[in-house]
Amino acid sequence: MAGKGKTEPNLRVVNAEAEVYDLMRKPESTGERVRRLQMEARALAVEQVETLERLLLEAVALSKEIAEGGDAYPVGAREIASRLAADLPTRVETMKQIIGRMPVK
């Protein structure tokens, strides 16, 4: 409890990722803001595609386990898993090449 005449500091927790605004910098123009937002959108898109790539590679590993799992798995499931294990790495590589061609700007 605060004593008489004392005031508690007004503290706030800020996200570690929060951007600090430079007060000496002039405000962004609309064009600058559009470019900045486009760059952020591209960065987020790349992150999301990289996440998908990682998940697909995990699916490849799991598909191989199922395809090689023997009689514990139904024949149809093993067949589909075998095809996925063969096809997904090529799809992941294609996605990497597509993302690699994205303009950085």
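Arg 36 and Glu 40 sit 4 residues apart in helix H1, so about one helical turn separates them. (Helices here are DSSP runs of H or I, at least four residues, and are numbered from the N terminus.) Their side chains meet in a salt bridge at 2.9 Å, N to O, where a salt bridge means a side-chain nitrogen of Lys or Arg within 4 Å of a carboxyl oxygen of Asp or Glu. This is a predicted model: local features need pLDDT of at least 70, side-chain atom pairs count only at pLDDT 80 or more, and totals for chains, interfaces and linings use all residues. Residues are numbered from 1 along each chain as its sequence is written, and side-chain values use heavy atoms, without hydrogens or water.

Arg 36 also pairs with Glu 28, at 2.7 Å, N to O, and Glu 28, Arg 36 and Glu 40 are linked in a network of salt bridges. Arg 36 is partly exposed at 29% relative accessibility, and Glu 40 is partly exposed at 36%; the cut-offs are under 20% relative accessible area for buried, over 50% for exposed and partly exposed in between (1.4 Å probe, protein chains only).

Now over to H2, residues 75-100. Its end C-alpha atoms are 38 Å apart, which agrees with the 38 Å its 26 residues should span at 1.5 Å a residue (1.5 Å times one less than the number of residues). The buried residues of H2, including Arg 78 and Leu 88, pack against helix H1 (30-67), with contact meaning heavy atoms within 4.5 Å. Arg 78, buried at 17%, meets Asp 71 in a salt bridge at 3.6 Å, N to O, whereas Asp 71 is exposed at 76%.

Technical notes
Helices (H or I, at least four residues) and strands (E, at least two) are DSSP runs, numbered from the N terminus.
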